[in-house]
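Here is a short report on a structure with more than one part. Look at the sequence and the model first, then read on.

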Amino acid sequence: MDMDDVFKALADPTRRELLDRLRAGNGQTLGELCERLDMSRQAVTKHLAVLEAANLVTSVRRGREKLHYLNPAPIGEIYDRWIGKYEQARVAALADLKRALEEKEK
Amino acid sequence: MTKPSLVYVNNIAAPPEKVWQALTDPEFTQRYWYGTRVESDWKVGSPITFVKGPGMGAPDTGRVLVADKPRTLAFSWHIAWGEMAKEKDSRVTFTIEPDGAGSKLTLVHDEFEEGSAAAESLKNGWPAILAGLKKALESQAP
């Protein structure tokens with residue numbers, strides 16, 4: 001896998017939005033992903049192709065339908081590469097702190 | 001046909017035979033599967049015992065459904081832990097395809113009960129296990 005492809009794929013807000021939608025509901029069809037997105041099916045298809053090429057999205061066929069799944073492996077590799085196991089506890093503690101503080105503000 | 005709940009794809013810099021070994025050899029699974037030894041003779045219909053690390057509770061059980069070395073491995077899985085033990089068996093299918101000098105490993109986990117707690121828990125579990133598998137294989141001397 002080419003990490004350039006992963007970063008290029010993640011550099012677009014629509015593609016990140018698609019990943020968010022898959023995280024919320026895995027295994028969606030193109031039609032389901034297009035709902036409430038102000039974009040043509042062709043445009044969404046192109047974005048999904050970029051995400052699939054980067055291995056951030058994978059798909060399985062069910063009959064005539066193609067179901068899309070968020071594939072976290074490339075993001076896991078980014079995490080491993082720059083965070084590493086010694087930093088993990090500290091980063092998790094900071095993330096917890098940030099979450100706690102932000103929830104208080106709401 | 002129900003919708004698969006979990007699908008993961010990992011590219012691994014190791015040939016399919018090595019990936020197969022990593023999935024079926026308890027000495028190897030112990031290295032990345034939270035200390036679990038996955039024990040079976042890997043013949044279709046044979047039982048599988050997921051012997052967990054110390055303090056991790058009773059073994060999970062399963063049965064071999066497909067064993068087409070080194071391409072497809074499928075088994076049923078019954079989780080013995082807590083409330084999940086009440087759920088019916090789910091199905092795990094690993095597909096290994098050659099990809100250049102390495103392999104593309106696809107995991108499809110389906111046939112969960114509606115609203116399965118196991119499916120929810122494995123959303124975090126599988127990516128960690130698969131990342132561990134990849135790391136264990138790629139750090140091996142060729």
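## The sheet of chain B

Chain B holds an open sheet of seven strands, in the order β1-β7-β6-β5-β4-β3-β2, with antiparallel pairing. At the edges stand β1 and β2 (37–39) of chain B, each with a single partner strand, so one side of each has no neighbour in the sheet. From one strand to the next, the twist averages 20°. Strands here are DSSP runs of E with at least two residues, helices are runs of H or I with at least four, and both are numbered from the N terminus. Two strands pair if DSSP finds at least two bridges between them.

This is a predicted model: local features need pLDDT of at least 70, side-chain atom pairs count only at pLDDT 80 or more, and totals for chains, interfaces and linings use all residues. Residues are numbered from 1 along each chain as its sequence is written, while chains are lettered from A and ligands numbered from 1 in the order in which they are written.

## Strand pairs

Strands of a sheet pair through backbone hydrogen bonds, either parallel or antiparallel. β1(B) and β7(B) run antiparallel, joined by seven bridges. N11(B) stands opposite K104(B) of β7(B). β6(B) and β7(B) are also antiparallel, over nine bridges. There, R91(B) stands opposite D110(B) of β7(B). The hairpin of β6(B) and β7(B) has two residues between the strands, and G100(B) takes a positive phi near 60° in it.

Strand β3 (residues 47–51) of chain B runs antiparallel to β4 (residues 60–68) of chain B, with four bridges between them. F50(B) has D60(B) of β4(B) as its bridge partner.

## Helices across the sheet

Helix α1 (residues 16–24) of chain B lies across β1, β5 (72–78), β6 (90–99) and β7 (102–110) of chain B. It runs at about 155° to β6(B). Axes are lines fitted to C-alpha atoms, for helices over the stretch in contact, and angles run from 0 to 180 degrees between N-to-C directions. α3(B) lies across β1, β6 and β7 of chain B, at about 10° to β1(B).

Which residues of α1(B) are buried? They are K18(B), V19(B), W20(B), A22(B), L23(B) and T24(B). Buried means that 20 or more other C-beta atoms lie within 10 Å of a residue's own; exposed means 12 or fewer, and partly exposed is in between, with C-beta atoms placed from the backbone. The buried residues of α1(B) pack against β1, α2 (26–32), β5, β6, β7 and α3 of chain B.

## Chain A

Chain A has six helices and two strands. From the N terminus, its elements run α-α-α-α-β-β-α-α. Buried residues make up 23% of its 106 residues. Its C-alpha trace spans about 45 × 35 × 25 Å along the principal axes.

Helix α2 (residues 13–24) of chain A packs against helix α4 (residues 41–53) of chain A at an angle of about 75°, with the axes 10 Å apart. The two helices, α2(A) and α4(A), are therefore roughly perpendicular; that term covers 65 to 115 degrees, with under 35 roughly parallel, over 145 roughly antiparallel and the rest oblique. T14(A), R15(A) and L18(A) of α2(A) meet H47(A), L48(A), V50(A) and L51(A) of α4(A).

## Where the chains meet

The contact takes 12 residues from chain B and 14 residues from chain A. Two residues are in contact if their C-beta atoms, placed from the backbone, lie within 7 Å. On the side of chain B, β1 (6–12) and α3 (117–138) of chain B each give two or more residues. β1(B) gives the most, with five residues.
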